Amino acid sequence: MQKSREVQHLRVSTCSPAVERRPCRILLDHTQKWWREQQRRACLQQASRCSKNHITSYLKLVIKVHRLSPFCYRSCLFVALHVALQAAVYGEYTWEVFVYCWELQFHLLLLLLPYLLLAGNMGCFILCSRANPGIITKSNHASLVKIYAYDGVLFQKGVVCPTCNMEKPARSKHCSFCSACVHRFDHHCVWVNNCIGAFNAKYFFLYLFSLAATAAAIATITAAFLIQVVLLSNMMHGSYIDEQGQEHAVEILFLVQHLFLTFPRVVFMLGFVILLTLVLGAYCCFNLYLALTNQTSNEWYKSRRYGCSRRLTLQPHDRQVVYKNIYSKGVWMNLKEIFKPPTVLERKKTT
């Protein structure tokens with residue numbers, strides 16, 4: 001009995017330190033877990049800081065590279081390209097088409113028509129690129145802000161330009177290329193290296209139409225010259241033998257290939273000016289529509305988000321604003337506003 005009690009006392013005495021150490025182990029485990037969690041959070045914070053720094057440096061690099069692009073500041077690159085293309089077209093026209101047409105006894109006034117259009121086009125180009133488009137300054141801000149009313153949809157009253165630190169007049173917009181707010185802003189044209197605004201819109205209008213007329217005149221004279229060559233050579237009534245030895249009548253495709261081999265630069269120039277005439281003609285029609293409805297390209301683009309309607313309402317079911325052009329005054333008055341922009345005195349007379 002005494003031995004069994006001693007053994008039992010020994011078991012209790014040997015087990016009691018382990019039991020006493022359990023809370024210590026639990027506390028040690030919690031401490032280790034907390035320390036690991038703190039280390040993990042510190043690593044994540046450091047990684048996020050590094051990633052933010054990398055992202056910031058990357059964005060700065062992208063901004064620097066973007067600023068080097070000719071699309072984000074005023075540059076003479078497209079003006080030089082514009083002049084080079086015109087010089088190439090007129091050089092080919094003078095060197096070959098004019099000489100051949102003069103030998104074929106074309107009328108002199110018809111041959112000189114592209115040069116007359118070129119003179120008018122260059123004059124409108126210089127006026128459009130050198131004229132003030134309507135840059136808003138602190139001296140003229142008070143007068144320009146009274147010309148147009150705010151429509152409440154595209155142009156809100158009280159909107160301040162963060163760059164110029166001035167309230168934006170209705171129909172104006174800040175141009176990031178020119179770093180200025182422009183009155184009745186239409187768009188920034190890289191081909192004339194200037195903004196198109198209220199005070200040079202008439203020059204741009206004439207420049208665009210004279211350029212389209214110039215391309216159409218050169219295309220017409222060049223096509224007439226090639227048609228005259230085909231008619232004089234009686235090529236349409238001829239025939240050719242293919243690789244298999246079979247005889248075929250002359251087709252349009254064969255005729256174009258023959259003309260391209262005979263007059264390669266003339267045919268290439270004809271294709272270019274025809275494409276240019278179509279593109280410029282479409283753009284002229286679009287600008288004519290904007291002028292007749294008294295809109296700018298900027299307003300037309302913004303109004304697509306609201307839709308067009310005869311009235312300005314607030315739809316109750318979807319709370320969507322429907323845009324109405326409040327600046328249109330009829331076809332004649334709209335065209336008159338392009339060539340004679342309104343002033344504060346004229347608006348007071350109309351009101």
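# Salt bridges and buried residues

R171 and E299 form a salt bridge, with 2.6 Å between their closest N and O atoms. The two residues come from distant parts of the chain, 128 residues apart: R171 sits in the loop between β2 (166-167) and β3 (173-175), and E299 in helix α8 (residues 297-303). A salt bridge here is a side-chain nitrogen of Lys or Arg within 4 Å of a carboxyl oxygen of Asp or Glu. Helices (H or I, at least four residues) and strands (E, at least two) are DSSP runs, numbered from the N terminus.

A word on the source: this is a predicted model, in which local features need pLDDT of at least 70 and side-chain atom pairs count only at pLDDT 80 or more, while totals for chains, interfaces and linings use all residues. Residues are numbered from 1 along each chain as its sequence is written, and side-chain values use heavy atoms, leaving out hydrogens and water.

**More about R171**

The pair that opened this report belongs to a network of salt bridges linking R171, R184, E299, K329 and E337.

**Buried or exposed?**

The table gives the relative accessible area of several residues discussed in this report. Buried means under 20% relative accessible area, exposed means over 50%, and partly exposed lies in between (1.4 Å probe, protein chains only).

| Residue | Relative accessible area | Class |
|---|---|---|
| R171 | 0% | buried |
| E299 | 1% | buried |
| R265 | 46% | partly exposed |
| E92 | 11% | buried |
| E96 | 8% | buried |
| N294 | 1% | buried |
| C164 | 18% | buried |
| C175 | 2% | buried |
| L109 | 56% | exposed |

**Cysteines**

A disulfide is a covalent bond between the sulfur atoms of two cysteines. In this report the term is given to a pair of cysteine sulfur atoms within 2.5 Å. How many disulfides does a search of the whole structure find? The search finds zero. C164 is in no disulfide, and its nearest cysteine sulfur, that of C181, is 3.6 Å away. What about C175? Its sulfur is 3.1 Å from the closest cysteine sulfur, which is in C195, and that is too far for a bond.

**Space inside**

A cavity is a set of points, on a 1 Å grid over the protein atoms alone, where a 1.4 Å probe fits but cannot get out; lining residues have an atom within 4 Å of a point. Grid points are joined across faces, edges and corners, and a volume is the space filled by probe spheres set on the points. Three cavities of 30 Å³ or more are counted by this rule. The largest cavity holds about 120 Å³ of space. Its lining includes R184, D186, F204, F205, N287 and Q295. The elements giving two or more residues to that lining are α5 (201-233) and α7.

**A nonpolar patch on the surface**

Which residues form the nonpolar patch? They are W102, L108, L109, L110, L112, L113 and L116, with about 650 Å² of accessible area together. Patches are made of residues with over 30% relative accessible area and no salt bridge, with like charges joined within 9 Å and nonpolar side chains (Val, Leu, Ile, Met, Phe, Trp, Tyr) within 5 Å. Accessible areas come from the Shrake-Rupley method with a 1.4 Å probe, and for residues only the protein chains shown count as cover. Helix α3 (residues 108-130) gives the most to this patch, with six residues. L109 is found in helix α3, and at 56% relative accessibility L109 counts as exposed.

Technical notes:
1 Å grid on protein atoms, 1.4 Å probe; cavity = no way out; pocket = protein on both sides within 12 Å on 5 of 7 lines; lining within 4 Å.
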